[in-house]
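Keep the sequence and the 3D view side by side as you read.

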Amino acid sequence: MGLFTNSDNMAHHYSEPKPVEPIEMLVEYHDATRETITITYNLEELQEAVASSFESGRCINFVSANPPFFINPRWIKKITFRKATN
């Protein structure tokens, strides 16, 4: 068995790019203020990022958004996601 041989036991798995869509994030802060943020992102990845942020207490940076922004989970009470309507 060579170092660079491909065997049936080691199948390569390539993931397809996940579809993105316009999403509205309805952010409710602890001081009862609310904000709606529209971002084009994959919903599943966005939900995972927000959940991870709430668990760890770290900010989420959206550097690819225009304009770039971040969300600090310590200020947030609740985030609701919905598909954006154009």
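Two strands are taken to pair if DSSP finds at least two bridges between them. With that in hand, look at the hairpin of S1 and S2: four residues lie between the strands, and among them you can look for Ala 32, which takes a positive phi near 75°. Please bear in mind throughout that this is a predicted model.

Now step back to the whole chain. The protein has five strands and one helix, and reading along the sequence gives the pattern β-β-α-β-β-β. Of its 86 residues, 24% are buried. The accessible surface comes to about 7,100 Å², and carbon and sulfur atoms account for 52% of that. Among contacts between residues at least 6 apart in sequence, 43% join residues at least 24 apart.

Strands of a sheet pair through backbone hydrogen bonds, and they can do so in parallel or antiparallel fashion. Here three strands form an open sheet in the order S2-S1-S5, with antiparallel pairing. S2 and S5 stand at the edges with a single partner strand each, so one side of each has no neighbour in the sheet. From one strand to the next, the twist averages 25°. Helix H1 packs on this sheet, where it touches S1, S2 and S5, and its direction makes about 175° with that of S5.

You can trace the pairing residue by residue. S1 is joined to strand S2 (residues 34-41) by eight bridges, and the two run antiparallel. Pro 22 has Thr 40 as its bridge partner in S2, while Met 25 has Ile 37. On the S5 side, seven bridges join S1 to S5, again antiparallel. There, Glu 24 stands opposite Arg 82.

Val 27 sits in strand S1 (residues 21-29) and counts as buried because its relative accessibility is 1%, where the cut-off for buried is under 20%. Leaving aside neighbours within four places in sequence, Val 27 is in contact with Thr 33, Arg 34, Glu 35, Ile 37, Ile 76, Lys 78 and Ile 79. Val 27 and Ile 37 are ten residues apart along the chain, and their C-alpha atoms are separated by 7.6 Å.

Asn 72 lies in the loop between strand S4 (69-71) and strand S5 (76-83). Is Asn 72 buried or exposed? Asn 72 counts as buried, because its relative accessibility is 6%. Its side chain reaches the backbone nitrogen of Arg 74 at 3.1 Å.

Definitions and conventions: Residues are numbered from 1 along each chain as its sequence is written. This is a predicted model: local features need pLDDT of at least 70, side-chain atom pairs count only at pLDDT 80 or more; totals for chains, interfaces and linings use all residues. Side-chain values use heavy atoms; hydrogens and water are left out. Buried means under 20% relative accessible area, exposed over 50%, partly exposed in between (1.4 Å probe, protein chains only). Contact means heavy atoms within 4.5 Å. A polar contact is a pair of N or O atoms within 3.5 Å; within protein, one must be able to donate a hydrogen and the other to accept it, and residues adjacent in sequence count only if both atoms are side-chain atoms. Accessible areas come from the Shrake-Rupley method with a 1.4 Å probe; for residues, only the protein chains shown count as cover. Axes are lines fitted to C-alpha atoms, for helices over the stretch in contact, and angles run from 0 to 180 degrees between N-to-C directions.
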